[in-house]
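Me: I would like a close look at one part of this model. Please keep it plain, and take me through it step by step.
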2 protein chains.
Amino acid sequence: MRRFSLFLDLYELTMAQVYFCYKRKTLATFDLFVRQLPQNRAYLVFCGLEDILEYIKTLRFTEEDLAYLRRQRIFSEEFLNYLKGFRFKGDIWAMQEGEVFFANEPVLRVTASAIEAQIVEGFLLNTVNLQSMLASKAVRVVLAAQDKAVYDFSLRRTHGQDAGIKAARSSYIAGFRGTSNVLAGKLYNIPIVGTMAHSYVMSFKKELESFFAYSSVFPERTILLVDTYDTEQGILNAIKVGLYLKEKGFRLLGIRLDSGELVRLSKFARKKLCEAGLDYVKIFASGNLDEFKIKWLLDEGAQIDSFGVGTNMGTSIDAPCLDVIYKISEVTDEKGGFLPTMKLSKAKLTYPGRKQVFRIQDKKKRFIKDILGLEEERIKGIPLLIKVVDKGRIIYKKPTLEQIRQRLSQNLLYFPEELKEIHSHYRYPVLISKGLERLRRGLIHQLERTQRNG
Amino acid sequence: MRRFSLFLDLYELTMAQVYFCYKRKTLATFDLFVRQLPQNRAYLVFCGLEDILEYIKTLRFTEEDLAYLRRQRIFSEEFLNYLKGFRFKGDIWAMQEGEVFFANEPVLRVTASAIEAQIVEGFLLNTVNLQSMLASKAVRVVLAAQDKAVYDFSLRRTHGQDAGIKAARSSYIAGFRGTSNVLAGKLYNIPIVGTMAHSYVMSFKKELESFFAYSSVFPERTILLVDTYDTEQGILNAIKVGLYLKEKGFRLLGIRLDSGELVRLSKFARKKLCEAGLDYVKIFASGNLDEFKIKWLLDEGAQIDSFGVGTNMGTSIDAPCLDVIYKISEVTDEKGGFLPTMKLSKAKLTYPGRKQVFRIQDKKKRFIKDILGLEEERIKGIPLLIKVVDKGRIIYKKPTLEQIRQRLSQNLLYFPEELKEIHSHYRYPVLISKGLERLRRGLIHQLERTQRNG
């Protein structure tokens, strides 16, 4: 793994040096959460913990890093020397990957020395933002496709390699059946899939010739792309190949439609395939698909068995970022006692104190509301934040990707149907506990007084 | 550098195996271009060549890669053995980074064996998409800010680490003055900048105390964040620090406004700073800025000297992908002669043949139109595609980042003003040469005939 110790904002290091001078023993708690849901999202899916734990475990500043920092003439030798021995030694509480979450709910809570808590900020935000954004988009696509299979085809237009790999992982967690991304397949053991490109068909003189060549090399896994020249003719050509394979004891796996009127063409294809006795041949569709288009296609009766979804999922195109923030919620005083704190600036108020998210169920185990409360409050519900790092040591047993995937699909079963609709305006209730509300109100008055006299 | 040989779509490898069986000696030419401009973009800026050349140079399949592929039970041993010795041995022509380009203009042209040309597809598309998208967004921000400085603050909400690093590089090429991203600073020698976070201010009992602590550690580079509690009070507190520093012979560098009514607050700050004799203190603004917001702020007379621009640039939020495609334009026949080819499917027609982009100037060197022509045509204009890889060998001398930055700013000077406006509807003329149009028309007829008889 490439080293990402310097993947941070410079201010994290300058603030750290000030803490180093003035508040070396100060401990602080930070919450990582999403301030508000983006458009078209009634809920979000948490992803990214695996990478965060790996980062926490391996976070070191190398001699090369330190030499670069020294050249900036910003930092003292004492501080650089401190960085040389730097290890993250704090505690982290987190939701588990595949957990459903809402605005204002901490998905990660870091309690550490102010220096350590500050230095990890950039990596944590970037990781949660990317992976949760992708999973939250992908799960919408999966739900829209109902029982049809969905595959990740997004590699070519994701934002770089990291995003490409994480699009495959996050969408698999969300319920995609596989990816075209070979590297992601290798790294995460995700099933890999592929058909053929237009250029392949065009590199032969005749479409039919290209089809036969492919099926002769892969008689058991041929999916023919039929829209390079004339789609209806392409479908008829594919049927010729299907019949030939059948004669030889093989089954043509599928055809792929990548453009044109998918409803009409898929119906045409299904009819012709059935007439030819090739009813087992699957119809794949691709080309600028997303949850809205897929829902529309199925509502219109398109005869499509599988969808390849690319750019719109891989860039979360309608909401290409989450409003993730990392806010301090308590800090120790001179005597080491934790004091809650919060931000007062208009429209950016935060919740103070060390918090927990409690998910409340009814008797049938259905989730009916969440309560954002203080850790020590006794609230009957499932506490979603669990301790994953204890004094710098990873104490969380990494689940398999399959387990994360199952956690999400299980979870979703118990949320209200209205929440999961594509055009949902349902607002799942996230209530503030009495204890937290009391703390917050008291603190607003106190802070306004203190600062005014400042 | 991490190995990205498997960062490709599976179909690139399955098609490659078919080529390996049937067309091992077939050569092909592919164009990489943007089919249409996204919303809010009247032009695009090419970036990504540096990474592409590094990828081409180092493209190898390791034993581990091959073992993974073997486990998929898709590929023959002969083909895996071929991959073991794989090297890219083709030619690549490309625009230079920092070049302005338009829809349908190839920014890269690959001529290689069909296998090699196909295998590099995914990485090339992904790289050009990300980096050109970012530079094209960032240059709009720079132009909107006129003579004010703009800095990249996007790390925390870019799509992963690769995107975060490339946002810093691409925006620096576009004219940003620096980045908060320390790793990008180290990798590309981009100036790094930073202020402080709200959490820092909040970790002290009083705002003023936090300001004095910071300025005592960094007396020559303090920028105070003034909106944590009450912004006007924060500005007055910053002035106290500024006066103290002045007394000690230092200059407060700036204050930062991150929320609230930036026009009013910046005017208030400028007035108070001047009254205090601190007119040299810069006013930084940040918080959901983009080219539209910056233009509006300046039009309203905001007293802002520098802008920190984050998420909206780093995700290219209004156009989070380019319509990049990679299309075959010629292929060799049995005798090794190149035959032009093209895609016929509706609304996705492509241009056949080996092409060049000619940029036409008037007598004052102003760019007035581009002509997309055939390589061998004699057209009076600047040919934008130059040969960068010859038979697998990199023959392009990598320019410095400063040189790329200058290329873009120089380039922009000679384009029409209307093109560069934020709300531009100007369509820069990209004409098709007579030779290319003739080739295309002839080929449509020919292909329709061939496929119909197929």
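Let us take chain A. What share of the 454 residues in chain A is buried?

Reply: Bear in mind that this is a predicted model. In chain A, 54% of the 454 residues are buried.

Start with the outline. The C-alpha atoms of chain A fill a box of roughly 85 × 55 × 35 Å, taken along the principal axes. Now look at how the chain meets itself. Take the contacts in chain A with a separation of 6 or more. Of these, 71% join residues 24 or more positions apart.

Next, the domains. The domain assignment of chain A gives two entries. Domain 1 covers 10-134 + 322-452, and domain 2 covers 137-314. The centres of the two domains of chain A are 40 Å apart, taken over C-alpha atoms.

Where do the domains touch? On the domain 1 side of chain A, 15 residues are in contact with 20 residues of domain 2. Two helices of chain A, α6 (121-144) and α15 (401-413), each supply at least two residues of that domain 1 side. The largest share comes from α15(A), with five residues. By type, this side of domain 1 of chain A holds nine nonpolar, three polar and three charged residues.

Chain A also has a partner. Its contact with chain B takes 91 residues from chain A and 91 residues from chain B. On the side of chain B that touches chain A, helix α1 (residues 10-22) of chain B gives the largest share, nine residues. That side of chain B divides into 42 nonpolar, 31 polar and 18 charged residues.

An α-helix has 3.6 residues a turn, so residues three or four places apart point the same way. What does that face meet?

Note on methods
Residues are numbered from 1 along each chain as its sequence is written. Chains are lettered from A and ligands numbered from 1 in the order in which they are written. This is a predicted model: local features need pLDDT of at least 70, side-chain atom pairs count only at pLDDT 80 or more; totals for chains, interfaces and linings use all residues. Two residues are in contact if their C-beta atoms, placed from the backbone, lie within 7 Å. Helices (H or I, at least four residues) and strands (E, at least two) are DSSP runs, numbered from the N terminus. Ala, Val, Leu, Ile, Met, Phe, Trp, Tyr, Cys and Pro count as nonpolar, Asp, Glu, Lys and Arg as charged, and the others, Gly among them, as polar. A residue is buried if 20 or more other C-beta atoms lie within 10 Å of its own, exposed if 12 or fewer, and partly exposed in between; C-beta atoms are placed from the backbone. Domain bounds come from an automatic or database domain assignment.
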